[in-house]
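This report describes one protein structure for a reader who has the sequence and the coordinates at hand.

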Amino acid sequence: MAQDILFTNVRILDGSGALPWPGSVRVQGNRIREVSRGSASLAGGGAMVIDGAGATLMPGMVEAHTHFSWNDAATLAGIQTMPLEEHVLWCAKVAKRYLEAGFTSCVGAACAKPRLDVVIRNAINSGQIPGPRYLAASQEITVPGGLGDETLPHLPFPEFSFGVNVNGAEDMRKVVRMFLKYGVDAIKLNLSGDNFTPQSPADTTWMTDAEVAAAMEEVRLRGKRAAAHARSAASVKQALRHGVEVIYHASFTDTETLDMLEAAKDRVFVAPGIAILYAMLNEAEAWGITRAMATDMGYQVEWDAALESLRKMHQRGIRILFGGDYGFAFTPHCQNARDLEFFVKYLGFTPMEAIRCATLYGGQIMMRGHELGLVKEGFLADLLLVDGDPLANLAILRDPKRILAVMKDGRFAKQPAVDARRGWERAA
Ligand SMILES: [Zn+2]
């Protein structure tokens, strides 16, 4: 059996919302075996000892809306036209970067070609490539004219489309069955439009109830889960009516929508991904999208609506998770923890509440809340050693220099440095 690992002299931020405390943590195999309080360390007992020198030990972060296959392009076509062979290599590279950046779990929220997510998940799980724990998604499923239908009148070929087009309930069933056959953990349905695609803006809703019902029947038969791209109020309500558990965006809401979300709050997760809204308005000029253009596309209206909706959801105790839509030119991969700062700055979260979105709720959205997302005895050893106090400055969570070590499943994905400041030695 592998040697135990003992973190001593750390500030433990356990991810539950409890205040941090000084202590030490022993990892045995892939589990957290012991968590102590106080300056007296647990006994070394042959363990490899890592003196944290006062650094923070916290759970690995869980990203709730990940697209490994988004290739930092500025358009959907720029993602879709990457040839498959390069695309697989890209995803493998991105998965490793996420893990090293401190995301020990990621919830796939759609991929750009049918099997990209499944192949990467399987390669991670079999140890072929490093990467976070990963739940694989389907491609985006859409309807003609909706978000993700990139076919052109004279080029109606599905290979040119970002999402998979379905027409009617039976067509939906066929496509969902195909993705379930491939082994996805979740089906992604584009229920609303998006201001990124002007022909199908964010406040529009696209699928029939019959189409969504057919998808959900197949998902339930296989014991899987569905996630919805749902920016409009009607699409959020549609998702809730049909039992979709993971709701992405939820920008536009009315009282009925909020009431429905609250009634389902033990079952549903909302991951808004507001960074893309912010970036389109404030940071996309280098890619030809000025603030005036973004406003014209509807981003200012959506930003205002989203902040209001999400503040109300937070007040009603609806689980809001961080992450989402990193992987575009204006929202590059691995800056995802910026969402935590946005939650505090714009949505009224405390820093502790923001952290909890990435830890406690993260374990829950991974469907492993009983063993993932906390620094707790018996839990899986997914841990970060962070230089400084994330509660005082959330930005350190997106600074690679401040992420001193990353452990997933009891093994270091990023080794703590051996230097004079932080001892790293074998105990007697
Ligand atoms: Zn997305």
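## Model and conventions

This is a predicted model, in which local features need pLDDT of at least 70 and side-chain atom pairs count only at pLDDT 80 or more, while totals for chains, interfaces and linings use all residues. Residues are numbered from 1 along each chain as its sequence is written, and side-chain values use heavy atoms, with hydrogens and water left out.

Helices (H or I, at least four residues) and strands (E, at least two) are DSSP runs, numbered from the N terminus.

## Zinc site

Three residues coordinate the zinc ion at 2.0 to 2.2 Å: His-65 through NE2, His-67 through NE2 and Asp-325 through OD. Donors are N, O and S atoms within 2.8 Å of the metal (3.2 Å for Na, K and Ca); water is not among the atoms, so sites may look incomplete. The spacing of the donor residues in sequence is H-x1-H-x257-D.

His-67 and Asp-325 link distant parts of the chain, being 258 residues apart. His-67 is in the loop between strand S6 (61-66) and helix H1 (76-80), and Asp-325 is in the loop between helix H10 (299-315) and helix H11 (338-347). Both His-67 and Asp-325 are buried, where buried means under 20% relative accessible area, exposed over 50%, and partly exposed in between (1.4 Å probe, protein chains only).

## Nonpolar cores

A nonpolar core is a set of buried Ala, Val, Leu, Ile, Met, Phe, Trp, Tyr and Cys residues joined through side-chain atoms within 4.5 Å. The largest one has 108 residues, and Met-61, Ile-141, Phe-330 and Leu-397 have the most contacts inside it. Its largest share, 7 residues, comes from helix H8 (residues 275-282). A second, separate core has 23 residues, among them Val-27, Met-48, Leu-57 and Phe-412.

Helix H8 is mostly covered, with 7 of its 8 residues buried. These are Ala-275, Ile-276, Leu-277, Tyr-278, Ala-279, Met-280 and Leu-281. The cover over the buried residues of H8 includes helix H9 (291-296), H10 and H11. Elsewhere in the chain, Leu-397 is in contact (heavy atoms within 4.5 Å) with Met-58, Met-61, Ala-101, Ala-337, Leu-340, Ile-355, Val-386, Pro-390 and Ile-403, not counting residues up to four places away in sequence.

## Cavities

On a 1 Å grid over the protein atoms alone, a cavity is a set of points where a 1.4 Å probe fits but cannot get out, and a pocket is an open set with protein on both sides within 12 Å along at least five of seven lines; lining residues have an atom within 4 Å of a point. Grid points are joined across faces, edges and corners, and a volume is the space filled by probe spheres set on the points. A search of the whole structure finds 2 cavities of 30 Å³ or more.

The largest cavity holds about 160 Å³ of space. Its lining has 17 residues, and Leu-147, Asp-194, His-229, Asp-325 and Phe-328 lie nearest its centre. Asp-325 is also a donor to the zinc ion.

The largest pocket has a volume of about 440 Å³. It is lined by 17 residues, with Ile-124, Asn-125, Gly-131, Lys-408 and Asp-409 nearest its centre. Helix H3 (116-125), strand S8 (133-135) and strand S17 (411-414) are the elements that give two or more residues to this lining. The class counts are 9 nonpolar, 3 polar and 5 charged.

The second largest pocket has a volume of about 240 Å³. Of its 15 lining residues, Pro-114, Gln-139, Pro-158, Glu-159 and Val-164 are the closest to its centre. Strand S10 (164-165) and helix H4 (169-182) each supply at least two residues of the lining, which divides into 7 nonpolar, 6 polar and 2 charged residues.

## Two single residues

Arg-173 is found in helix H4 and is buried, with a relative accessible area of 15%. Leaving aside neighbours within four places in sequence, Arg-173 is in contact with Ala-214, Glu-217 and Glu-218.

Leu-89 lies in helix H2 (residues 84-100) and counts as exposed because its relative accessibility is 62%. Leu-89 and Arg-115 are 26 residues apart in sequence and 13 Å apart in space, C-alpha to C-alpha.

Methods. Nonpolar A, V, L, I, M, F, W, Y, C, P; charged D, E, K, R; others polar.
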